[in-house]
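I opened my notebook to jot down what I looked up in this structure. My entries follow in the order I made them.

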Amino acid sequence: MIPFNKPFLSGKELDYIKDAVSLGKLSGNGQYTRKCHGFFQERYGFKKVLLTSSCTAALEMAAMLLNIEPGDEVIMPSYTFVSTANAFVLRGATIVFADSQPNHPGIDENKIEELITSKTKAIVPVHYGGVACDMDKIMAIAARHDLFVVEDAAQAIDGYYSGKDGIQRPLGGIGHLAAFSFHETKNIQCGEGGMLVINDERFMDRAEIIWEKGTNRTRFMRKEIDHYNWVDIGSSLLPSEITAAFLLAQLENLDDIQKKRKAIWQGYWRGLKDWAEANSIRVPAIPRYAGNNGHLFYLLCKNLAQRTELIGQLKEKHIQVVFHYLSLHKSPFYRGKHDGRMLPQSDRYSDCLLRLPFYFELTGKETEFIVQTLKTSKDQY
Ligand SMILES: *Cc1c(COP(=O)(O)O)cnc(C)c1O
């Protein structure tokens, strides 16, 4: 059986956890947490980062930091994970869903401005598959209308955006805030984990407070104050040192992981692009302004029937392939709250997108087997 995902393990995880245990400080914001923070600050130039227990938690922090209140509107794609929307719904926001691009699941930047009203507070672009949204356009729209931008960079570690100025920027370093995930299905994982990136200095102090249950304990730990107190809203958002130790063992292998994942992506792309074209199936389109961080590889089938058929045929050969998001504007929870606009591209990705097995240990032989199985599949649709 070739599974869809196998979490990466570097082999050092248990050593670091053992060390964290022996240090005798297992709650969050200890030595390992600070090492992980340092890694991201150094490698990507992020000014302020905070590890969280998940990307969901980081998005919830972002909603708290932006003071999202009942009545506020937040614009995001419908083709995304539940947490992108749920984090803002928890604060009472109304989600205004935008459609995806015709040739990429990312938000259609040209459809954002028409959705802005006097109640709009934020735009949340999702870098689907680690492929950048057009951030120059999005940041310019946000600046014109005085809105905040929160990047859902859950899948976007080591992803890049090349702006009009020719400078390549790491994803997560462009919006006012950004959220990453280290869930076991992501390139770097610690089971459950995430990170908030704070690019706008106005949010840096308050982010630490929200992170520590609404207290100024982080300042106390730095010995800047002699006791800590309840000063704002917050929640329990830090991962323990056990999680941070595990994560550090992964981060140290980021270059190897990325090299391998990009090779897997290229293997699929080279193997499948001609066959796909001949069968009206599409391989991923990477816009010229976006890098490719090798997070996932998908095929865009002709229709739902063809996708269902392919999933079945591959399963017979013991290859597990899966579809991805279902449009949030049609979900049981949100369909009654959605304003009724049709989002045909989002629905198309919901029906037609098929993800192939993608993990570090996947061998060239296995990739080749998957490619050949697809090429010899019977197309009845
Ligand atoms: C994985 C993912 C999340 C959620 O991440 P968790 O760490 O599991 O909370 C949010 N948004 C997107 C786009 C994701 O892919």
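**Entry 1: a loop residue.** I started in the loop between helix 3 (55-65) and strand 2 (73-77), where I found asparagine 67. I kept in mind that this is a predicted model. Asparagine 67 has a positive phi of about 55°, although it isn't a glycine. I stopped at that because most residues other than glycine have a negative phi. I also looked up how open asparagine 67 is: at 41% relative accessibility, it counts as partly exposed.

**Entry 2: another loop.** I went on to the loop between helix 6 (204-211) and helix 7 (217-221), which holds lysine 213. Lysine 213 isn't a glycine either, and I read a positive phi of about 60° for it. Its relative accessible area is 42%, so I wrote down lysine 213 as partly exposed.

**Entry 3: helix 2 and helix 8.** How do helix 2 and helix 8 pack, and at what angle? I found that helix 2 (residues 31-44) and helix 8 (residues 241-251) meet at about 35°, with their axes 8 Å apart. The crossing of helix 2 past helix 8 is left-handed. On the helix 2 side, I listed Gln31, Tyr32, Thr33, Lys35, Cys36, Phe39 and Phe40 as making the contact. On the helix 8 side, I listed Glu241, Ala244, Ala245, Leu247, Leu248 and Leu251. Sorting the residues of this contact gave me nine nonpolar, two polar and two charged.

**Entry 4: more on helix 8.** Is helix 8 mostly covered or mostly open? I got mostly covered: nine of its 11 residues are buried. Among the buried ones are Phe246, Ala249 and Gln250. Glu241 of helix 8 is on the buried list too. I then asked what covers the buried residues of helix 8. The cover includes helix 1 (13-23), helix 2, strand 1 (48-52) and helix 9.

**Entry 5: helix 12.** Helix 12 (residues 364-375) has 12 residues, and I noted 16 Å from its first C-alpha to its last, close to the 16 Å expected at 1.5 Å a residue. Which residues of helix 12 are buried? I wrote down Thr367, Ile370, Val371, Thr373 and Leu374. They cover an arc of only 165° around the axis, so they sit on the same side of helix 12. The face turned away from that buried side carries Gly364 and Lys365, which are exposed. Covering the buried residues of helix 12, I found, among others, helix 9 (254-278), strand 12 (298-300) and helix 10 (304-316).

**Entry 6: methionine 135.** I located methionine 135 in helix 5 (residues 135-145). Its relative accessible area is 0%, so methionine 135 goes down as buried. What does methionine 135 contact, leaving aside its neighbours within four places in sequence? I got Pro125, His127, Val149, Glu151, Tyr161, Ile174 and Gly175. I also checked serine 162, which is 27 residues from methionine 135 along the chain; their C-alpha atoms are separated by 8.9 Å.

**Entry 7: histidine 104.** My last stop was strand 5 (residues 104-107), where I found histidine 104. Histidine 104 counts as buried because its relative accessible area is 3%. Not counting residues up to four places away in sequence, histidine 104 touches Tyr128, Val131, Ala285, Pro287, Tyr298 and Tyr349.

Definitions and conventions: Residues are numbered from 1 along each chain as its sequence is written. This is a predicted model: local features need pLDDT of at least 70, side-chain atom pairs count only at pLDDT 80 or more; totals for chains, interfaces and linings use all residues. Side-chain values use heavy atoms; hydrogens and water are left out. Axes are lines fitted to C-alpha atoms, for helices over the stretch in contact, and angles run from 0 to 180 degrees between N-to-C directions. Helices (H or I, at least four residues) and strands (E, at least two) are DSSP runs, numbered from the N terminus. A crossing is left-handed if the near helix is turned anticlockwise from the far one by less than a right angle, and right-handed if clockwise. Contact means heavy atoms within 4.5 Å. Ala, Val, Leu, Ile, Met, Phe, Trp, Tyr, Cys and Pro count as nonpolar, Asp, Glu, Lys and Arg as charged, and the others, Gly among them, as polar. The expected span of a helix is 1.5 Å times one less than its number of residues. Buried means under 20% relative accessible area, exposed over 50%, partly exposed in between (1.4 Å probe, protein chains only). The arc is that of the directions from the helix axis to the C-beta atoms.
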